[in-house]
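Colleague: I am new to this structure and would like to learn how to read its strands, sheets and helices. Could we go through it together, feature by feature?

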Amino acid sequence: MKENEKILILDFFGQYNQLIARRVRECNVYSEIVPFDTSIEKIKEIAPKGIILTGCPASVYEENAPTISKELLDLGIPMLGICYGMQLISYILGGNVREADKREYCIKKVKIDNTSPLFFGFNNENQCLMTHTDFVDELPSGFRNIASTDDCPNAGMANEEKKIYGIQFHPEVNDTVDGLKIIHNFVYKVCGCTGDWKMSSFVEESVKTLKEKIGGKKALCALSGGVDSSVAAILLNKAIGKNLTCIFVDHGLLRKNEGDEVEKVFREQYDINLIRVNAEDRFLSKLKGITEPEQKRKIIGEEFIRVFEEEAKKIGKVDYLVQGTIYPDVIESGVGKGQTIKSHHNVGGLPDYVDFEEIIEPLRDLFKDEVRKTGLELGIPENLVYRQPFPGPGLAIRVIGDITKEKLDTLRDADYIFREEIAKAGLDKSLNQYFAVLTNLKSVGVMGDDRTYDYTLALRAVETHDFMTASFAKIPYEILEKVSVRIVNEVKNINRIVYDITSKPPATIEWE
Ligand code: XMP
């Protein structure tokens, strides 16, 4: 297989590093993130078409600030320094970096010189995200100014002959208008890439490296039926076939028909070594009488591990444990500083007492939409690939208060109707998450001539980019009405339906 062109991203612990890598991939060029202190020999061996230096929380003049050797700047490899990266290039090449009188942590207007290849196709003014305290006060010799804001005279610099560039702002974030175009210009106009990389290349490359790494050894994968673990499993199946065993723990808290659908795809379409464990009774007996949401999560998380562990023991020692961790999980589990609003049990992993040697996380660098593209490349059906997110603890956190099989079945039927009507109305692609919640509230109703005293069901639908904030979806009344009529007529034990009109914050997406 032909080696792809590569852009190397030197990691200085900037908060947007993976986003930079992803933007380069969006330009159809392969990118790899390596530590800032990767040796010159190694970099020469990788032979990248260009190098990007990321941001960093430090100041270049601090003692022990992360740095690179000047030799790297003399290799003739095109380079783009972003934020700290720009300051570092200046500092090493004899420019001056100092603390600004006024910090900039905001969206700014930036004047740009569109004669520079980096800004090809731009007007003279743009909007960008600035997050810095230090700035380049004096450019190193051989460099010219190519961008400025009213508080930062040198917001961009270029030595076009040496193909070395620096920008103080962040082209990788959405707040910088047309930031992708800047990266595109760097990759194509400065580095001369041809754009030979696609998501299918990711599949090919991953299969090849996984094959080489795992060889004839055995791997085990916990399958939840969600997109991430399904894509990871099928990627591994492609690489090592029957040397992969998947364990699908069905905790009985899945949506209607979900367990069977997942099993069908895996068995019929991929001929995967699959063990499905029907553990509904076990989970329900552990959850009996439990009403506190975090306790529910904890119990489910622990029980999941127990079941997995028991099944894994039957298989015996495996060499590798496969996990469908994706990049946003890595950030989320790495945070640790913020307050825990809800503990997401499937983030953070499985126990270390399952007998395996190493964890493999083939999707660790990918964002959700890239995982979906990978899934489509692997031939996974669209309905599975575009499945809306579903929490690890499943319907347990959508039955408010204590959980019974009867309540779960009621919720499953109601939720199914809601999803069906949303799909019929063509809203399933635009809503990011939509589901029903069985509240613990009973109220009086009337059906025919009879008084009823039954549950209130809540419908929830949100639009969101990142699930950290969300707005409630403005679903047309006619659709809500249709759903409401169908549910009260077709599902037992529900006599009232409400629609949740709170956004996040102040509410969360799930009710528990
Ligand atoms: P909240 O309710 O915190 O949800 O606004 C944000 C997103 O996370 C999902 N969620 C979970 N996912 N385990 C998970 O795997 C959990 O315990 C959990 N709780 C919430 C939720 O469905 C939404 O997509």
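Colleague: Which residue in S17 is the bridge partner of Val-462?

Modeller: Strands of a sheet pair through backbone hydrogen bonds, either parallel or antiparallel. In this predicted model, the partner of Val-462 in S17 is Phe-472, and the two strands involved, S16 and S17 (residues 471–472), pair in the antiparallel sense over two bridges.

Colleague: How many bridges join S15 to S16, and in which sense do they run?

Modeller: Strand S15 (residues 433–447) is joined to S16 by 12 bridges, and the two run antiparallel, with Leu-438 finding its bridge partner in Leu-457 of S16. These strands form a hairpin with two residues between them, where Gly-448 takes a positive phi near 60 degrees.

Colleague: In which sense do S16 and S18 pair?

Modeller: S16 and strand S18 (residues 494–499) pair in the parallel sense, over five bridges, and one place to look is Ala-458, whose bridge partner in S18 is Val-498.

Colleague: What is the order of the strands in the open sheet of nine?

Modeller: The order is S2-S1-S3-S4-S9-S8-S7-S5-S6, and the pairing is mixed. At the edges lie strand S2 (30–35) and strand S6 (125–138), each of which pairs on one side only, while neighbouring strands of this sheet are turned by 20 degrees against each other on average, direction ignored. Helix H4 (residues 84–92) packs on the sheet, touching several strands including S4 and S9, and its direction makes about 115 degrees with that of S4.

Colleague: How do S4 and S9 pair?

Modeller: Strand S4 (residues 79–82) and strand S9 (residues 164–167) pair in the parallel sense over four bridges, and Gly-81 stands opposite Gly-166 in S9.

Colleague: How many helices and strands are there in the chain?

Modeller: The chain has 15 helices and 18 strands, and of its 512 residues 54% count as buried.

Technical notes:
Residues numbered from 1 in each chain as written. Predicted model: local features only at pLDDT ≥ 70, side-chain atom pairs only at ≥ 80, totals over all residues. Heavy atoms only, no water. Pairing = 2+ DSSP bridges. Axes fitted to C-alpha atoms, helices over the stretch in contact; angles between N-to-C directions. Contact = heavy atoms within 4.5 Å. Buried < 20%, exposed > 50% of the residue type's maximum accessible area, 1.4 Å probe, protein only.
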